[in-house]
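Open the model in your viewer and keep the selection tool at hand. We will go from stop to stop, selecting residues as we go.

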Amino acid sequence: MAYFIQQTLVFMVPLMIVALAGTFSERSGVINLALEGIMIFGAFMGVLFIRIFSDAGLTQAQAQLLLVVGILASMLGGVLFSLLLALSAINLKADQTIGGTALNLLAPALVMFMIIAITGSNTINTPSSLDFMLYRGDFGIPEGKDLNLFEQIFMNKIYLSNWYAIIIYIILSIILYFTKFGLRLRSCGEYPQAADSVGINVKKMRYAGVLISGGLAGFGGFLFALAAAGGASTADVAGMGFLALAVMIFGNWNPLTIAGAAFVFGACKCVASGYSYIDFNGDGIYALANLGISKYIYMMIPYVATLLILAFTSKNSHAPKAEGQPFDHGQR
Amino acid sequence: MTFIVLFSILLAIVIAFATYAIISTKKAKSSGNTTWLMKFYAKESTKTIISSLIAILLGLFVGCLFLVMFVGSDMNGRHVSGFDLVDALQLVFFGIFNTGRNAGGSLIYGWNGVSIGNMLFRATPLILTGLSVGIAYKTGLFNIGASGQYLIGTAAALIVALSIPSTVVNPIIIWILAFFAAIIAGALWASIAGLFKAFLNVNEVITCIMTNWIAAILVTSLFDKTTGPFNFLLDPSGDKNYKFVYKTAHNGVETLKLGLDSIFPNSQINFGIVIAIIIAILMFIIINKTTFGYSLKACGSNKHAAQYAGINSKFYITISMAIAGGLSGAAAALYYLSGNTEFTWSTYQSLPQVGFNGIPVALLGSCNPIGIIFSASFMAYLDISGLQIRNMTMYNEYISSIISALIVYFSAFALIFKQILSGKIKLFKKKKITVDDPPKIEVVMNNTEVKEEIDTKEEVKEGEE
């Protein structure tokens, strides 16, 4: 059970944070198809900066500090990369779908070009001497003690970055729903002309939405590289960005439901990747492996489920009304 | 070296012509006459082509900046020198004509049948995926699902081509069957997104993304080494080790070369390129010269107006997506039925790039089937240039992917470029903004929008008659 939950978290946390990234952008009125690209770029920046700082002399003793460096670098990378989207979508009023697709094409090419330039191979890794995982010893739990479920999940083999992400997620969700800024941002995605008429600067709000989105998506990419890819950036995040888009729609652009959707998707991903190791009740029987269902079925579940949900809920889905439309002062 | 001289002469001629055009137009404007140049320039298609060219030039320029940025750095432990930069810049523009290095170590140029033939071979699927995206775009749909349709088409083509024994059936008939199987499979796959859009009003971008990944997983599972129902099509021999599907040549099914290999010796080219061009021309005729194509476009420009005029927009949206899928399927068939291309899809975590590359191809060709033939060739050319850059310099081939991605990014601005070209947006605004300046621009823009709407409505009425 503990294994199942921890493995689910590996996929759930990046999905949820990137889906929130999408929410911020779309709620401000800009479709962000570039999530995948931003994740790739963020993951690369995070890993690169960890390498740079560890070359500068930081070692395992400062591993948690390096982790923070990686997170900040990935956020910065995401913000920088999403500036390209903001520029094209907000200032130049270009087609947002095409702009996002362009960035999705650009990110892997750019990152691959730089990875090969730096390492000569197809991947860039965090230095192998570093381990960012926290073990039971770090929490003062002695080696011989049997761990209860809580300790297994929260105090053994964890990445602090996942918990940072969850805290950021909660804070940003509160900002989006319970602050003046959040209300203004959401109004720009629903009816920008009305927002404009009461003196809200729509362009600024949309910039804020896209850049926050970029920072979160970059962070999500780094989380994925760290936990799911073992600290490697390969110019590929296995379609997590697109999956996050699905999570966002599944969660109806609402942080609370997005968290739930991310759990469902994360569980499916986890089952698909390691269903033969999952032991729900600890009796040593791997129930899912015995069912004899092909792993491909589990892999397909999230996507098929999204399609079905879309089919049944398209009538009452609450997509921001003005998403995808460039803001035009003169329009009423 | 002679090549560079030729190129600069060409560039000089173009610049001279452009200056002449601008000056003569200004003169004619002041005297109130219209010259043929002004008429040519006033055409919508001229502006479209010019804005595509601007996107290409900007993409190339920024891409070259990347090359410049890395001068003096160590790549793979190999030092990038100024000579590498000069060579790489040459190869970005003329890579296709590169025939190696001479004794002095500088690049030499000439007719390179291998490169040009390979370029045309690579352009074959790109033309079709480009058409796939372009046709859907004409109906107002953004077909980001070309990759998934391509994969499904690949699976269908390979299964048909390899499971019918060529000892019983003539290989040419098998080829035709496989080709159509791919088209039908792709069309059915794409119509999922079409149906969702037409009847449930679900955004096609999202359904396409979902169906893409479902296709990737489905095709991987079909050819899974142990559990896949078609694992008997995997090549067990030595280094292939069940990782690749047999080449279709294994069953004697190959696209005919019809003498093209004598023009481009040692290259992969085959008759597929001709088929692709024929399909493009057919699409051009269907879109521009038939009632069917007219209805498709009407649904794209204004769904409600089309519906009002008696066009069944749901039917046309579904069928447009199905055609797009069929084209992607055909792309896969022409690529994999060539006989010497191998298919492996054990990596369900990625999608075939050729599907996504249909997007830049279509955008660059501004969704015009004839334009798409050229833009696909250009993209294939960039690919070949990238390989030449990897082989000849210290850079790696991803520079060409960077350039093509940049070109898509800039072609998203095509509308802006067009408005600048037609003077609706002034590039250099006067610094002192008068009070009535900004509204003026907006009024103009609004007017054109309204006008366009009226235009489509009128067109639709004509169509009804």
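Select A:Lys93. This residue is partly exposed, because its relative accessibility is 31%; buried means under 20% relative accessible area, exposed over 50%, and partly exposed in between, with a 1.4 Å probe and protein chains only. A:Lys93 sits in the loop between helix 3 (63-91) and helix 4 (96-119) of chain A. Helices here are DSSP runs of H or I with at least four residues, strands are runs of E with at least two, and both are numbered from the N terminus. Now look at the backbone: phi of A:Lys93 is near 55°, a positive value in a residue other than glycine. Most residues other than glycine have a negative phi.

A word on the model before you move on. It is predicted, so local features need pLDDT of at least 70 and side-chain atom pairs count only at pLDDT 80 or more, while totals for chains, interfaces and linings use all residues. Residues are numbered from 1 along each chain as its sequence is written, chains are lettered from A and ligands numbered from 1 in the order in which they are written, and side-chain values use heavy atoms, leaving out hydrogens and water.

Next, select B:Cys367. Its phi is near 60°, a positive value in a residue other than glycine. B:Cys367 lies in the loop between helix 14 (353-364) and helix 15 of chain B. Is B:Cys367 buried or exposed? It is buried, because its relative accessible area is 9%.

Stay with cysteines. Select A:Cys188, which is buried at a relative accessible area of 0%. Then select B:Cys208, buried at 1%. How many disulfides does the structure hold? The count over all chains is 0, where a disulfide is a pair of cysteine sulfur atoms within 2.5 Å.

Now show helix 5 (residues 113-138) and helix 13 of chain B. Their axes come within 8 Å and cross at roughly 175°. Axes are lines fitted to C-alpha atoms, for helices over the stretch in contact, and angles run from 0 to 180 degrees between N-to-C directions. The two helices are therefore roughly antiparallel; that word covers angles over 145 degrees, with under 35 roughly parallel, 65 to 115 roughly perpendicular and the rest oblique. Color the residues that meet: B:Phe121, B:Leu128 and B:Ile135 are among those from helix 5, and B:Ile323, B:Leu327 and B:Leu334 are among those from helix 13. Contact means heavy atoms within 4.5 Å. The residues of this helix contact divide into 13 nonpolar, 6 polar and no charged. Ala, Val, Leu, Ile, Met, Phe, Trp, Tyr, Cys and Pro count as nonpolar, Asp, Glu, Lys and Arg as charged, and the others, Gly among them, as polar.

Stay on helix 13 (residues 313-336) and pick B:Thr318. B:Thr318 counts as buried at 13% relative accessibility. Its contacts include B:Ser191, B:Leu195 and B:Phe199, leaving aside residues up to four places away in sequence.

- Select B:Arg122 and B:Asp383: their closest N and O atoms are 3.0 Å apart. This pair links helix 5 to helix 15 (residues 369-392) of chain B, 261 residues apart.
- Select B:Glu204 and B:Lys197: N to O is 3.4 Å. Both residues are buried.
- Select B:Arg390 and B:Glu397: N to O is 3.4 Å. B:Arg390 is partly exposed at 39%.

Note on methods. Salt bridge = Lys/Arg side-chain N within 4 Å of Asp/Glu carboxyl O.
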